[in-house]
Amino acid sequence: PQHAHVFIERLTAEGDTVYDPFLGRGTTIIEAALMGRNVAGNDVNPLSLMLTRPRLFIPNLADVQQRLSSIPINPSLRASSDLSMFFHPQTEAEIVSLRNYLDTRKQQEEEDEVDQWIRMVATNRLTGHSTNFFSGYTFPPNQAVSAERQKLINIKREQIPPYKNVKEIILKKTKDLLKGISEKERSTLMESGSKALLLTGAAHATATIAANSVALTVTSPPFLDVVQYSDDNWLRCWFNGIDAEAVAAGITMSKKVEDWSLVMQQVFHELYRITQPGGHVAFEVGEEKNGKIKLDEVVVPLGMAAGFTC
């Protein structure tokens, strides 16, 4: 957040619109909202909005606790595929019960901000290597290794997934997340959230965003072939009813700089369209292939070709 804060503080004023076309976990727009800016965000990954929007509409702890207590648990429920290498049978029943509840609420268009908060926290608690995750010990945190890989981890550690109380973990994590949040911050986030434009789609095709409307874009794009979406997110996608393979097909996974540049050139043209006169783009990239490829040197000509001044 400190990275985004520097640009937002120096290059915008309250009421200006700050945008992130590769939203990720929402770091840029949450920071911008806390600073009283209007916000817009986009990501081809539908999980992105699920992890961002609830933090603009922060519920009260008592409301989360009450909602969790009202969700029925069917102890006989199991997932359609074998997840026993990750979860204790009773934990799995609680996860599937929660999944079914959230799915029903969404289908019936009854999902509210408390449901969305619970969905966000549960999505981030599915697997990890501390006691505060639903799974037994696994690695890496917040990403799901394959079922076969998890079986090997279990054998090596001589472990059987222990029982975890899903509702208790969600409530404990909620307490941690809400710690130190002031009413003023909660109100500021909600005000920005009520006007926020949050999109799921390609970063080069955001017709919903008006021309000359964005004061500042702060973003970090996907780099060269560094994330295998469906491999990392299959369990989170399952929990949220998302087709991981379909999403992966729409994500830029370029192995060659030339292919990556073609996509980013389109993105820069779209950013130029929506950026107001005098506005800015902070486009954060890194080195690739052990420093052999310096993406900043690739990005600068792309921005200039779209009309920007470096």
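Thr52 touches Leu23, Gly24, Arg25, Gly26, Ile29 and Ile30, with residues up to four places away in sequence not counted; a contact here means heavy atoms within 4.5 Å. This is a predicted model, in which local features need pLDDT of at least 70 and side-chain atom pairs count only at pLDDT 80 or more, while totals for chains, interfaces and linings use all residues. Residues are numbered from 1 along each chain as its sequence is written, and side-chain values use heavy atoms, with hydrogens and water left out.

Thr52 lies in helix H3, residues 46–52. Helices (H or I, at least four residues) and strands (E, at least two) are DSSP runs, numbered from the N terminus. Is Thr52 buried or exposed? Thr52 is buried, because its relative accessible area is 0%; buried means under 20% relative accessible area, exposed means over 50%, and partly exposed is in between (1.4 Å probe, protein chains only). The side chain of Thr52 also reaches the backbone oxygen of Ser48 at 2.9 Å. A polar contact is a pair of N or O atoms within 3.5 Å; within protein, one must be able to donate a hydrogen and the other to accept it, and residues adjacent in sequence count only if both atoms are side-chain atoms.

## Helix H2

Ile29 and Ile30, which are among the residues touched by Thr52, are buried residues of H2. Helix H2 covers residues 27–34 and is mostly covered, with six of its eight residues buried. Besides Ile29 and Ile30, the buried residues of H2 are Thr28, Glu31, Ala32 and Ala33. After H2 comes Gly36, which has a positive phi near 80 degrees.

His88 sits in the loop between helix H4 (61–70) and helix H5 (89–107). His88 counts as partly exposed because its relative accessibility is 25%. A polar atom of the His88 side chain lies 3.0 Å from the backbone nitrogen of Gln90.

Which residues does His88 touch, not counting those up to four places away in sequence? They are Pro161, Pro162 and Tyr163. His88 and Tyr163 are 75 residues apart along the chain, yet their C-alpha atoms are separated by 5.1 Å.

## Helix H5 against helix H8

H5 packs with helix H8 (residues 166–178) at an angle of about 65 degrees, and the two axes are 9 Å apart. Axes are lines fitted to C-alpha atoms, for helices over the stretch in contact, and angles run from 0 to 180 degrees between N-to-C directions. The angle therefore makes H5 roughly perpendicular to H8. Angles under 35 degrees count as roughly parallel, over 145 as roughly antiparallel, 65 to 115 as roughly perpendicular and the rest as oblique.

On the H5 side, Thr91, Glu94, Ile95 and Leu98 meet Val166, Lys167 and Ile170 of H8. The residues of this contact divide into four nonpolar, one polar and two charged. Ala, Val, Leu, Ile, Met, Phe, Trp, Tyr, Cys and Pro count as nonpolar, Asp, Glu, Lys and Arg as charged, and the others, Gly among them, as polar.

Lys106 is also in helix H5. Lys106 is partly exposed, as its relative accessible area is 41%. Leaving aside neighbours within four places in sequence, Lys106 is in contact with Met50, Glu111 and Arg119. The C-alpha atoms of Lys106 and Ile8 are separated by 34 Å, and these residues are 98 apart along the chain.

## Two loop residues with positive phi

Glu158 is in the loop between helix H7 (147–157) and H8. Its phi is near 50 degrees, a positive value in a residue other than glycine. Glu158 is exposed, with a relative accessible area of 75%.

Asn212 is in the loop between strand E3 (197–200) and strand E4 (214–219). Asn212 is not a glycine, but its phi is positive, at about 55 degrees. Asn212 is partly exposed, with a relative accessible area of 47%.

## Val281 in strand E5

Val281 belongs to strand E5, residues 275–283, and at 26% relative accessibility Val281 counts as partly exposed. Apart from neighbours within four places in sequence, Val281 is in contact with Thr217, Phe268, Leu271, Thr275 and Phe308.

## Cysteines

How many disulfides does the structure hold? The structure holds zero disulfides, where a disulfide is a pair of cysteine sulfur atoms within 2.5 Å. Cys237 is buried, with a relative accessible area of 1%, whereas Cys310 is exposed, with a relative accessible area of 73%.
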